[in-house]
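Please consult the sequence and the structure shown below while reading.

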Amino acid sequence: MSTLMDPPVDDTYRSLGYALKRAQQALRGHLDNKLRDIGLTTPQYSVLAGLEFSAGLSSADLARRAFVTPQTMQSIIATLERDGLIKRMAHPVRGRVLTTELTPKGRTALCAAHKIAADAETIARNAVAQDNPEIIYAALLRIAEAMR
């Protein structure tokens, strides 16, 4: 009998990588479904959340933080701007660079999205380590660092 610690070579569905991907896709699907109810996508939420703590980020910076291409980010930003959730303006020093900031409407949407994300995290924590969620964070961060 195989375990996750010692999966057989012919059983890729018992690998750690597969399990991580399934968990990531389940989380993403959950967020996509719940955020859709408030008119957002998961990448849009990522952008709004990034701007909450780092107002004025460029499109390239936002793309890196949201794990999307710069071209995809342009589309996300255009939609968020069209919907009145963000505003863009020329950078005060580098005039050709546009910076992006949340609008009051964007902050309201972000607050609702934060609740959805927090609920998803609670579900994930409770599924693994309800009493000590630090175990999950520490393990995942160690995996990320080891793969660098």
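Q44 is found in helix 2, where helices are DSSP runs of H or I with at least four residues, numbered from the N terminus. The model is predicted: local features need pLDDT of at least 70, side-chain atom pairs count only at pLDDT 80 or more, and totals for chains, interfaces and linings use all residues. Residues are numbered from 1 along each chain as its sequence is written, and side-chain values use heavy atoms, with hydrogens and water left out.

Two residues are compared by accessibility in the table; buried means under 20% relative accessible area, exposed over 50%, and partly exposed in between (1.4 Å probe, protein chains only).

| Residue | Relative accessibility | Class |
|---|---|---|
| Q44 | 8% | buried |
| L140 | 41% | partly exposed |

Not counting residues up to four places away in sequence, Q44 touches G39, I76, T79 and L80; contact means heavy atoms within 4.5 Å.

The largest nonpolar core has 25 residues, of which L40, L48, M73 and L80 touch the most other members. Such a core is a set of buried Ala, Val, Leu, Ile, Met, Phe, Trp, Tyr and Cys residues joined through side-chain atoms within 4.5 Å. Helix 1 (16-36), helix 2 (42-53), helix 3 (59-66), helix 4 (70-82) and helix 5 (104-128) each give two or more residues to this core, and helix 5 gives the most, with 6 residues. Leaving aside neighbours within four places in sequence, M73 is in contact with V47, S59, L62, A63, A66 and V68.

L140 lies in helix 6 (residues 134-146).
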